[in-house]
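Subject: Structure handover

Hello,

Here is the structure we talked about. Please open it and keep it beside this message as you read.

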Amino acid sequence: MKRQKSFANQASANALYVVATPIGNLEEMTPRAIDVLKSVDVIAAEDTRNTMRLLTHFDIHTRLISHHQHNEHTSAMGICKLLKEGKSVAIVSDAGYPLISDPGQIVSEMVIEAGYPIIPVSGANAMLNALVASGLPTQPFLFYGFLQPQEKDQLRELEKLKEYAMTLIFYEAPHRIYKTLDHMLQVFGDRRICLARELTKVHEEFLRGTIGEILTVCDECKGEMVLVVEGSTAHKTPEMNRAEIQACIDHYVAEGISHKEAIKRVAKENGLSKNDVYRQYHKSH
Ligand code: SAM
């Protein structure tokens, strides 16, 4: 077991700080993140040019080194060496938290193994913003990150996730969104979904609906995006009892809606599967 008390006995002197940076809106840079980036000896950045722009904006003049996917192992060893020399280091990525679909995993494991503290500095993150505004259940959730781009691999991944009852969160690129939603529709069925794009930026937008509905408009969606997908409801016990289900369906039917459509609506509005509602309704008839 390894135990870390981040702020006891100068523990933070030769620590690795994992610093979140804005995902669009620079006002989300926290005063603590600025202080930490000013006070550490070295900042290890995913893309030094991008980070330099951020540092210039906040008048930070700390030495910058490169720490990206393609040099992660060597750079992680370099960071451990700096910590050994008594230096403090911060890692940042282009946006949000390092390690969250971004480099940082290898260095964090090495630093813990070497016995130095890792101190997180809170800030913006795309998946949590998308989740809390999605309107879908926030707990439990599973953050998946990016799916594999190849069709066969992606379908295999989705098949594995199909039975999960928890809300699923994915990162996706705009040029792949149509195919990904199409695959989700094939594997998951027409679940509720929220596509959150350009979070914290002027074009921030949330598309809430079913996969099928969003599929028809997603070609217009540009920019950075997160998909929040309802978990499987296949084994969900209806929270409405049979009488309530029947009353809702009868209400819609009285308004002139077909039985089939009424069942679909009641299922969608209550997060139930159509089959469950159908079964409950027909048991009482
Ligand atoms: N480290 C980041 C975080 O903490 O969220 C994620 C970095 S990952 C390389 C980039 C992906 O995150 C994008 O392709 C997109 O799916 C998502 N993302 C990042 N910024 C976003 C934003 N402003 N709006 C929507 N999605 C965003």
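Start with Val187, which is found in helix 7 (helices are DSSP runs of H or I with at least four residues, strands are runs of E with at least two, and both are numbered from the N terminus). Val187 counts as buried because its relative accessibility is 8% (buried means under 20% relative accessible area, exposed over 50%, and partly exposed in between, with a 1.4 Å probe and protein chains only). Leaving out residues up to four places away in sequence, Val187 touches Leu155, Leu158, Glu159 and Lys162 (contact means heavy atoms within 4.5 Å). Val187 and Ser88 are 99 residues apart along the chain, and 47 Å separates their C-alpha atoms.

Some ground rules. This is a predicted model, where local features need pLDDT of at least 70 and side-chain atom pairs count only at pLDDT 80 or more, while totals for chains, interfaces and linings use all residues. Residues are numbered from 1 along each chain as its sequence is written, and side-chain values use heavy atoms, with hydrogens and water left out.

Domains
The protein is divided into domain 1 (16-124), domain 2 (133-229) and domain 3 (242-283); the bounds come from an automatic or database domain assignment. The C-alpha centres of domain 2 and domain 3 are 27 Å apart.

Helix 6
Helix 6 covers residues 151-161, and its buried residues are Gln154, Glu157, Leu158 and Leu161. Down the helix axis these buried residues fall within an arc of 100°, so they line one face of helix 6 (the arc is that of the directions from the helix axis to the C-beta atoms). Lys152 and Lys160 are exposed on the face turned away from the buried side. What do the buried residues of helix 6 pack against? They pack against strand 6 (141-146), strand 7 (167-172) and helix 7 (177-188).

Helix 1
In helix 1 (residues 31-39), the buried residues are Ala33, Ile34, Val36 and Leu37. Their arc, seen down the axis, is within 165°, so they line one face of helix 1. The face turned away from the buried side of helix 1 carries Pro31, Asp35 and Ser39, which are exposed. The packing partners of the buried residues of helix 1 include strand 1 (16-19), strand 2 (42-45) and helix 2 (48-57). Strand 4 (89-92) and strand 5 (118-121) are also among them.

Leu82
Leu82 sits in helix 3 (residues 72-84). Leu82 counts as buried because its relative accessibility is 11%. Not counting residues up to four places away in sequence, Leu82 touches Val42, Arg63, Ile65, Lys87 and Val89.

Pockets
The largest pocket has a volume of about 670 Å³. On a 1 Å grid over the protein atoms alone, a pocket is an open set of points where a 1.4 Å probe fits, with protein on both sides within 12 Å along at least five of seven lines; lining residues have an atom within 4 Å of a point. Grid points are joined across faces, edges and corners, and a volume is the space filled by probe spheres set on the points.

The largest pocket is lined by 25 residues, and Asp190, Arg191, Leu272, Ser273 and Lys274 lie nearest its centre. Which helix gives the most to this lining? Helix 10 does, with five residues. By class, the lining of the largest pocket has five nonpolar, eight polar and twelve charged residues (Ala, Val, Leu, Ile, Met, Phe, Trp, Tyr, Cys and Pro count as nonpolar, Asp, Glu, Lys and Arg as charged, and the others, Gly among them, as polar). Domain 2 and domain 3 both give residues to the lining, so the largest pocket lies between them.

The second largest pocket has a volume of about 420 Å³. Of its 23 lining residues, Ala95, Ala126, Phe146, Tyr171 and Glu224 are the closest to its centre. Its lining divides into twelve nonpolar, four polar and seven charged residues. Domain 1 and domain 2 both give residues to this lining, so the second largest pocket lies between them.

Backbone points
Gln139 and Pro140 are joined by a cis peptide bond, with omega about -10°. Pro140 is in the loop between helix 5 (126-134) and strand 6. Thr200 is not a glycine, yet it has a positive phi of about 70°.

Best wishes
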